[in-house]
Amino acid sequence: ATRQTNSIAVFDTSDSIAGVWHLCNNSQDASTAGNNGTVCSAGDTTGIIGLCKKFNGNDSILIPGLLGSPETVTLSAWAKLDSSVALGGGEILSIGDAVLARMDYDDNGLGTGGAIHKSDTSNFNHLGSGRFLKHTGWHLVTFTFNGSTFTSTIFIDGIAAGSRNDPDIPISYSDVGLNTYIGKHANGKKKFGFFGCIDEVRVYSEVKSPDYIKLCYMNQRTDDRLVIFKK
């Protein structure tokens with residue numbers, strides 16, 4: 001049978017997709033956005049879907065620029081954390097350090113969550129789930145920020161694990177990093193290097209619905225639970 005896959009047709013920027021990285025053999029963007037990455041020593045290993053990238057705390061994938069500096073955004077990735085630095089965490093994806101998703105942030109019990117760089121100050125608004133996922137295998141981590149309602153939500157394995165609202169505080173892309181990184185803090189902080197595996201990274205310039213996020217989890221997990229065949 002001839003190959004029928006067409007990732008460009010599936011992952012179109014008209015559907016608010018800012019980038020999709022399958023991390024299978026390379027770090028190319030599977031979407032029409034063309035935000036291709038450069039692998040900085042991260043190796044290949046078995047992932048949640050085919051191959052993925054394995055990081056050792058210093059490895060990373062550099063994606064030039066800030067993916068259009070989205071004001072409203074959804075970050076999503078499968079990740080398996082093996083270790084982390086004391087008082088640090090595992091950076092899954094960081095758009096210039098202006099918006100990020102992080103596992104097991106060991107600060108005030110935040111755990112796995114996300115953050116935005118606030119426009120009113122040089123501070124960050126962190127949203128933690130309180131859940132620490134090290135040594136528990138693969139998890140789908142999804143962080144959303146609505147630039148109209150200023151609401152942040154963190155999902156773990158398709159289920160909302162925390163939410164917060166900060167009126168009138170949008171994302172600021174000023175005075176932070178200039179590029180996007182997978183597996184590394186995008187503004188140079190060493191304590192957030194990722195130790196473990198990351199797969200199927202996606203960024204959308206819209207807030208995906210809880211139903212869509214749950215759908216992705218059920219469809220992408222290794223024991224696909226979206227469709228169950230019974231005799």
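Which side chains meet in a salt bridge at 2.5 Å, N to O? The points below concern a predicted model.

1. The side chains in question are those of glutamate 91 and arginine 102.

2. In total, the structure holds 8 salt bridges. One of them joins aspartate 82 to lysine 54, with 3.4 Å between the closest N and O atoms. This pair links distant parts of the chain, since aspartate 82 sits in strand 6 and lysine 54 in strand 4 (residues 51–56), 28 residues apart. Aspartate 82 is partly exposed, at a relative accessible area of 28%. Lysine 54 is also partly exposed, at 37%. A network of salt bridges links Lys54, Lys80 and Asp82.

3. Glutamate 200 and arginine 202 form a salt bridge through their side chains, at 2.9 Å from N to O. Glutamate 200 has a relative accessible area of 3% and is therefore buried. Arginine 202, at 11% relative accessibility, counts as buried.

4. A search of the whole structure gives 0 disulfides. For cysteine 40, the closest cysteine sulfur is that of cysteine 52, 17 Å away, which is too far for a bond. Cysteine 197 is in no disulfide either; its nearest cysteine sulfur, again that of cysteine 52, is 4.3 Å away. That distance has to be read against the cut-off: a disulfide needs the two sulfur atoms within 2.5 Å. As to accessibility, cysteine 40 counts as partly exposed at 33%, whereas cysteine 197 counts as buried at 3%.

5. Helix 2 has as its buried residues Ile213, Cys216, Tyr217 and Gln220. Viewed down the axis of helix 2, these buried residues fall within an arc of 95°, so they line one face of the helix.

6. At 39% relative accessibility, leucine 215 counts as partly exposed. Together with Leu226, Val227 and Phe229, Leu215 makes a nonpolar surface patch of about 430 Å².

7. Two backbone angles deserve a look. Leucine 67 is not a glycine, yet has a positive phi of about 55°. Its place is in the loop between strand 5 (60–63) and strand 6. Leucine 67 is buried, with a relative accessible area of 10%.

8. Asparagine 108 likewise has a positive phi of about 55° without being a glycine. This residue is found in the loop between strand 8 and strand 9 (111–117). At 75% relative accessibility, asparagine 108 counts as exposed.

Terms used
Residues numbered from 1 in each chain as written. Predicted model: local features only at pLDDT ≥ 70, side-chain atom pairs only at ≥ 80, totals over all residues. Heavy atoms only, no water. Patch = residues over 30% accessible without salt bridge, like charges linked within 9 Å, V, L, I, M, F, W, Y side chains within 5 Å. Areas by Shrake-Rupley, 256 points an atom, 1.4 Å probe, with all protein chains shown as cover. Salt bridge = Lys/Arg side-chain N within 4 Å of Asp/Glu carboxyl O. Buried < 20%, exposed > 50% of the residue type's maximum accessible area, 1.4 Å probe, protein only. Helix = DSSP H or I, 4+ residues; strand = E, 2+ residues; numbered from the N terminus. Arc of directions from axis to C-beta.
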